[in-house]
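Hi,

Here is the structure I promised to pass on. Have a look at it first, and then read my notes below.

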Amino acid sequence: MAEIPKARDFFESSRAAVSDHELRRKLESASARHLDHFAEVKAEFPAYDDERDAAHRIKTGAIAHLDELLIELKSKLEARGCKVFFAEDAAEARGYIVELAKGRGAKNVVKGKSMTTEEIELNGALERAGIDAVETDLGEYIVQLRGERPSHIITPAIHLSKEDIGQLFTDKFGIEYTAEPEKLTAEARSRLRTIFLNADFGVTGVNFAIAETGTLVIVENEGNGRLSSTMPETFVAVMGIEKVIPRLEDLSHFLEILARTATGQKLTTYTSFITGPRREGDLDGPREMHVVILDNGRSAMIADPVIREALNCIRCGACLNVCPIYRRIGGHAYRSVYPGPIGSIISPNLFGSAAGYLPFASTLCGACKDICPVKIDIPRILLHLRWKESAGEHRLKWPRAIERARRGARRFAKMARHPRTVRALGKLAAMVLKPFAHNGYLRRIPGPFGNWTKYRDFPRPRPHQRPAPGPERPPG
Amino acid sequence: MTEVQLFSTCLAEEFFPEVNDAAATVLERLRLKVTPVRGAFCCGQVAFNEGFRDEALDLSRRFLNSVEPGIPIVVPSGSCTSMLKIFYGDLLADDPALSAKAMAIRPWVFELSQFIVNVLKVKYIGARYERAVAYHPSCHLMRELGVRDEPMTLLSAVAGIRIRELRDREECCGFGGMFSVKFPHISASMLEDKLARIRESGAEVVVANDCGCLMQIGGGLSRAGDKIEVRHLAEVLAARQG
């Protein structure tokens, strides 16, 4: 189980995040840029919605037949000379990879971008075993240098400006300060090249695993996935069980939508197809290839017919870009490897009740569902998780003010069963509160919903059932 | 069609009484007999969204027993309409009797602008409103009901109105029901940006189809001491002079 802080930390971290206006500005401009690009590529691709439907259908079918597909994938991978390891949880996956690295005498591990290895906390485990692991995706490299976690599943350093990165490189490498992206990228590139040349062990994630052919597909823009999977002698691919798709021909539907929604590109710069390690006569490629297939709570998600749909996720990150909450608090505030709308579903399921408050941290505005390339009905699943929490044995421990507000809402709902009573109480409240109102609003309200007036005024209750038409209300 | 059932919604009944008056006025001008739904106070969305299923079930039963299928049920709220039309399906999945009732009324439930434009096929109601107006589309209205153009269609046909463009208008105002008191700081940060967009639009009045948004935006404007007003779409449509 990943290291997740206590539930109430979210309240503190999100509070700190919203008051960081610099952070909000960076998030706003980066996510707006993503969305603008997406709007452009979508406009010139009329088949987009058909491709979404196809992708949704294929993924849903794959999740329904996951057991058969995984068996097929395993046998095809083995026939290509791969070793396959099914990991029940994060600890098993970590253990396997660390033991393998030790066994091969690995000194320098290079990593292609992979949220799944973030999920299993691989870097920390390798470090504890005395093995140096370097993130080679530029954004991941930057957050690793800062000792941070990615704050976005596609754009790990979205919370940083080019000035922040310039300062980081000056501090870490002693180079002259510059905020020019080209220079900073060139600096990282030359350092990473040396690291690649000395690497003896590579680890990457997987975007799609094709059962029919035993092919792993990695989609990326910088070449780090390709180098991490081909330069070192030993290569380990880590994937969640939900990454498998049945046939090669299914892939095109996903390639049509993934880059468009993720980064607003038609296609990513690199799309690598890996079918086994180096064969006789091949000029390059790893000598040895392992595929770690991770469950870590995913089977339990499949067991629930509503939550299951979340496993359709292809990790494009679009729901983060479009989420009005993510855009204001950023990924770190979620205190989970997977932030944003989809993270609010995945995290409580993979990491347990410490992330259980996340499904509640949503206005259910539905922007995520609108943009999702595989049409996951995210708000509906968030609602389902809320019911499960409220009906469950392990109830969340909310901060006191919030517990009070929730109880207040419950009391209101019980009262509202009796319209006459609730209307009478409404009139009473109106009478009591009337003297405190200014221009139709109250500056402060008592009771369970008092949090409201911390930030805005509350309209004065004016219960009324319609007698005569009165089209215009007096101002205010 | 000669008759409609008008469901006030709890927020309108308690905090925005003029919304129901205006909605009824508009419907009456369209020659409909308006019967208020008096037997129910709330659709149950607050309880439903908070995970309190039993309470939500009770309220849905109340509502379903207070309305009749076969007569349009008009609701001046995109959010409550979504609850009645869409989320009742999930809520009542395990209760065949209630579920059948919900299915029976489902095709008869309409949000106000949806009803006027798509069912009555009316665009011009004879309203006059001489103010600069920015329209804020509420989330459930757009994304659950797919009602995107109807309110603007109606607003554009109001005499004397000056429509102001609201940048990023499809972004949530941060209300979210209980979200606004559970995570008030996040809600307020969303509101802050919404208010900035409203101010830069040059509007004198912000119009929305949901009392939730009006509460949030109106409360924010009031706290800031701003002169910009909030109005429900129904109020603008019912207005006869600036």
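Strand 6 of chain A (residues 215-220) is largely enclosed by the rest of the structure, because six of its six residues are buried. Bear in mind that this is a predicted model. In a regular strand, side chains alternate between the two faces of the sheet. Here, A:Thr215, A:Val217 and A:Val219 point one way from strand 6 of chain A, while A:Leu216, A:Ile218 and A:Glu220 point the other way.

Over in chain B, have a look at the open sheet of four strands, which come in the order 2-1-3-4 with parallel pairing. Strand 2 (33-36) and strand 4 (109-111) of chain B are its edges, each pairing on one side only. Neighbouring strands in this sheet are turned by 35° against each other on average, if you ignore direction. Strand 1 (residues 3-6) and strand 2 of chain B are joined by four bridges, and B:Gln5 stands opposite B:Thr35.

Two helices of chain B pack on that sheet:

- Helix 2 (residues 17-29) of chain B touches strand 1, strand 2 and strand 3 (73-75), and its direction makes about 170° with that of strand 1 of chain B.
- Helix 5 (residues 78-91) of chain B touches strand 3 and strand 4, at about 160° to the direction of strand 4 of chain B.

Finally, the place where the chains meet: 59 residues of chain A are in contact with 63 residues of chain B. Elements giving two or more residues to the chain A side include helix 1 (9-18), helix 18 (378-391), helix 20 (419-433) and strand 12 (458-459) of chain A. Which helix gives the most? That is helix 19 of chain A, with eight residues. By type, the chain A side divides into 30 nonpolar, ten polar and 19 charged residues.

Cheers

Technical notes: Residues numbered from 1 in each chain as written. Chains lettered and ligands numbered in written order. Predicted model: local features only at pLDDT ≥ 70, side-chain atom pairs only at ≥ 80, totals over all residues. Contact = placed C-beta atoms within 7 Å. Nonpolar A, V, L, I, M, F, W, Y, C, P; charged D, E, K, R; others polar. Pairing = 2+ DSSP bridges. Axes fitted to C-alpha atoms, helices over the stretch in contact; angles between N-to-C directions. Buried ≥ 20, exposed ≤ 12 C-beta atoms within 10 Å, placed from the backbone.
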